[in-house]
Amino acid sequence: MKRLYLLLSRMVAEPRSWFRAVAQRNRLEAEMEAELASHLADLTADLIRSGYSAAEASRRARIALGSTVVHKEAMRASLGLRLSDELGGDLPYALRRLRRSLGFTAMAVISLALAIGANTTIFSMARQILYERLAVERPSELRLLAWTGTKKHVAVHSIWGDYDPVGDGRVTSTSFSYPVYQQLRAQNQVMEKLFAFKGMSGNATIAGQAQQAEGELVSGNYYSQLGVRPVLGRVISEVDDVSTANGAVVVISYGLWQREFGGSPTVLGQIIKLNEVPLTIIGVNPKGFTGARSTMGSPQLFAPLAMQPLLRPNGDRGSLLSDNREWWVNVIGRIRPGVSDATAQAALDAELGAAARATLPVHPDEDLPRMDLHDGSRGLFRQGRSFLQPMRVLLTMVGFVLVLSCANIANLMLARGTQRQREISVRLAMGAGRRRIARQMLVESLVLAALGGAGGAVLGYAGTIVAPRLTHMGWSSDDPRVHFDWKVLLFTVAITIATGILFGLAPAFAAARAGVSAGLKESSQSVTRRRKSWGGRSLVAFQIALSTLLVIGAGLFLRTLVGLNAVNVGFRTDHLLLAEISLPPKQYPAGKDVEFHTQLQQAIAAVPGVEDVSPAAVAYIANSTNRTTFLPEGVTAIKGNDDAEYYNIVGTSFFRMMGIPILEGRSFGPQDTSTSVKVGIINASLARERFPNQNPVGRRFHGEKHTLIQIVGVCADTHYASLRDEPPPQFFVPFVQQQSANGTWTYEIRTGGEPDAAIPALRRVVQRLDPDLPLINVRTQEQQILSATEQERVFVTLTSGFGLLALALASVGVYGVMAYSVAQRTNEIGIRLALGALPGQVRGMILRESTGLAGIGVVAGAVAALVLCRLLRSMLYGIRPDDPVTMAAGISILLAVALAASWIPARRAAGVEPVEALRHE
């Protein structure tokens with residue numbers, strides 16, 4: 001026990017002594033001087049008492065005591081200060097060395113700053129998109145409820161939300177009916193209270209301005225379960241969610257509060273409208289809270305779920321709160337302490353089966369869905385489906401760039417080490433240990449890394465501002481941001497230290513192995529001994545291999561973008577403006593909505609500069625689709641019981657305005673009215689699929705609600721939702737024959753001049769018809785197509801930047817190692833020239849060596865590209881991952897860069913004077 005006490009006391013005392021010595025260094029030095037002076041005085045006094053004179057006693061005392069410097073060093077070492085003292089000397093020396101080589105320092109710092117800045121930017125984006133958690137209490141405890149089933153499950157009748165295939169004929173969704181949610185909440189025994197929410201958008205009138213707003217309907221226990229407290233006012237409670245008898249209330253986001261109300265506390269009690277429903281503001285969410293759906297951005301408005309029948313009525317039925325067949329609400333809960341996910345999932349699965357049976361008739365051919373439990377700390381995490389693979393690719397590529405930068409600086413330091421052989425040999429001869437020399441080199445590397453890391457942090461911060469703009473759609477009101485916080489800064493510090501150690505190891509090891517005698521010669525080169533420097537050559541080959549991989553990857557994405565831009569969409573995109581209108585169903589029921597759209601179409605057509613206009617249910621190349629029944633008359637079932645096809649509802653002048661040719665029959669015309677025969681036009685692909693070797697004009701088919709529609713024409717194929725997919729079979733029906741026009745409609749507007757010039761007049765037209773209706777998502781068709789290729793454009797921008805940086809680093813690496821090789825072989829080259837070799841032959845020898853080195857790296861990089869680029873197959877368009885043109889271009893570029901980089905060392909070698917090279921040997 002006593003030993004343990006002594007050991008613990010020592011463990012506490014030693015750090016305390018060290019800290020005191022560091023913090024009070026002047027006092028320590030004074031105490032050491034006083035102690036040594038006291039010892040010297042005592043020895044002198046003893047000698048004087050022994051009969052020596054004062055002078056002789058002082059001399060003998062100093063001899064007996066020894067060097068005070070040695071004693072001080074021993075005392076510092078006993079306190080653990082020796083390492084810090086040596087590092088304190090290494091740091092100024094490293095700074096002086098780097099200041100004397102400003103060219104090398106600038107090149108190293110710039111390359112490091114670019115690489116670290118790129119890594120910081122991509123890490124920031126990946127962290128926010130893939131790893132950021134909801135800004136709530138204990139997000140790790142949240143679990144998202146989902147279910148999986150076959151296509152014959154009882155919930156398939158109507159789903160508002162995600163509905164995704166998962167293989168083996170199964171589908172999954174996070175949507176539940178409200179009655180099922182209520183039963184799950186009442187029966188739940190393994191979770192804390194479940195809470196529900198649903199995202200929705202609508203037309204809002206805020207501070208007198210009509211605009212589109214994102215909203216979230218939430219249950220009464222939503223805020224209490226998330227542990228979120230308002231910065232102003234109060235949040236939605238159970239009382240607010242029971243009924244609207246106490247008035248319709250809303251909580252607004254922090255961003256909306258600042259933007260529209262200037263952060264004023266008088267916002268409480270003010271009235272805003274959402275889909276023409278007046279709502280009273282009762283609170284403001286805290287800054288950073290993004291709701292339960294996603295971490296990517298916050299809805300502006302939060303209202304009780306009880307408001308659904310008013311804010312988002314479900315057709316004729318209105319309320320979804322009692323609808324058993326509509327599965328629409330999302331559910332999250334906190335798992336109870338001590339309960340495993342498997343236990344909770346099994347219990348909830350049984351409760352889901354019971355709830356489904358209690359709320360729905362289960363037919364013999366239908367299956368019950370099975371409950372799944374997912375991580376709910378990131379909400380629905382829908383961005384993971386779109387960004388998981390792209391972000392992994394970018395993280396991998398930017399990591400390669402950082403490794404390239406490290407290899408490049410290691411090569412530069414190895415080449416620079418040739419000039420320091422004499423210095424290192426002198427230090428070794430004077431007693432410096434090899435470990436001490438290696439540490440000095442590592443300190444220089446870490447100083448370089450620190451300078452590059454500081455620059456990288458600045459570039460990374462700038463990148464977090466610029467990078468989101470690459471994906472920002474100009475017509476969107478979103479303000480994309482990527483957070484640059486202490487976690488990102490910590491990541492930057494970590495990779496800075498890691499890179500400093502990584503690129504400093506090879507030069508430190510080489511310096512520690514330096515010979516003493518060879519370095520002290522006036523010329524350290526030998527006629528007969530040639531240093532091969534395989535370490536530096538291996539690093540260069542590795543650099544070239546990674547550069548080849550990055551350049552080929554960038555080339556694949558570039559060719560993908562070129563291929564997508566070359567796609568013929570099948571219609572005219574010039575001078576075409578798109579604008580969306582969404583009518584609140586409460587104010588515009590069936591019939592009245594069609595009347596409004598008719599008036600709006602006429603008003604837009606009268607705007608100066610507008611040549612033509614047509615409403616459309618689906619905008620082209622907007623990743624939006626509509627499908628409905630298409631069953632030729634007399635046919636009972638086709639396509640494996642899937643008789644649905646893509647379709648669009650368009651205006652009478654749609655085909656003429658869009659420049660889509662009519663191949664057979666006619667287009668829609670004035671004879672097609674609300675009371676005439678229902679008509680439709682099919683495209684060539686649908687004609688080939690459903691009416692092979694026949695003329696479909698005049699034939700009829702059953703459409704939505706089994707309406708019988710006569711085909712009056714066949715039009716040319718056009719791309720529909722995306723550029724990547726081939727033009728699908730689709731058909732068109734005229735807007736004038738619709739009985740209802742609910743939902744969001746896109747107006748296709750052809751202008752004579754610049755489309756943007758007509759936007760103010762279009763907004764005034766809508767405001768005259770209804771001041772509470774905003775004209776939303778106004779953009780040109782060309783902008784819409786550009787947004788469809790935003791991921792490809794971002795990848796081309798980033799990967800091209802990575803590729804160019806890799807080429808620059810590879811060229812510097814090749815130059816460094818060849819310059820190092822020439823410097824090491826000066827005597828050998830001098831002898832060759834003295835024996836009759838021509839300068840051209842020496843130049844060719846150096847170029848052949850660099851070409852061989854580049855060839856090894858290029859072959860390795862091409863092989864790696866063939867293997868790794870197969871993982872990118874789903875991200876490419878129109879080319880294969882092993883595209884020979886891209887491979888050949890990448891290889892040629894790297895070989896050309898390697899030859900260009902080695903030309904200067906080759907010329908330097910050819911210009912060696914034999915007499916000067918041999919004089920000091």
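Mentor: Let's start with methionine 391. Leaving aside residues up to four places away in sequence, methionine 391 touches Ile122, Met125, Ala126, Ile129 and Leu130, where a contact means heavy atoms within 4.5 Å. A quick word on the ground rules: this is a predicted model, so local features need pLDDT of at least 70 and side-chain atom pairs count only at pLDDT 80 or more, while totals for chains, interfaces and linings use all residues. Residues are numbered from 1 along each chain as its sequence is written, and side-chain values use heavy atoms, with hydrogens and water left out.

Now zoom out a bit. Met391 sits in the largest nonpolar core, which has 57 residues; such a core is a set of buried Ala, Val, Leu, Ile, Met, Phe, Trp, Tyr and Cys residues joined through side-chain atoms within 4.5 Å. Buried here means under 20% relative accessible area, exposed is over 50%, and partly exposed lies in between (1.4 Å probe, protein chains only). Along with Ile122, Leu448, Phe503, Phe557 and Phe802, Met391 touches the most other members. Helices α5, α6, α13, α15, α16, α18 and α24 each supply at least two residues of this core. The largest share, 13 residues, comes from α13. Helices (H or I, at least four residues) and strands (E, at least two) are DSSP runs, numbered from the N terminus.

Apart from this core lies another, of 51 residues, among them Ala248, Leu305, Met307 and Ile335.

Five of its five residues are buried, so β13 is largely enclosed by the rest of the structure. In a regular strand, the side chains alternate between the two faces of the sheet. In β13 both faces are covered: Asn330, Ile332 and Arg334 are buried on one side, Val331 and Gly333 on the other. β13 pairs with β1 in the antiparallel sense over three bridges, pairing being called when DSSP finds at least two bridges between two strands. There, leucine 144 stands opposite isoleucine 332. β5 (195–206) also pairs with β13 in the antiparallel sense, over three bridges, with phenylalanine 197 opposite asparagine 330.

The buried residues of helix α12 pack against β1, α7, β12 and β14. Among those buried residues are Ala344, Leu348, Leu352 and Ala355.
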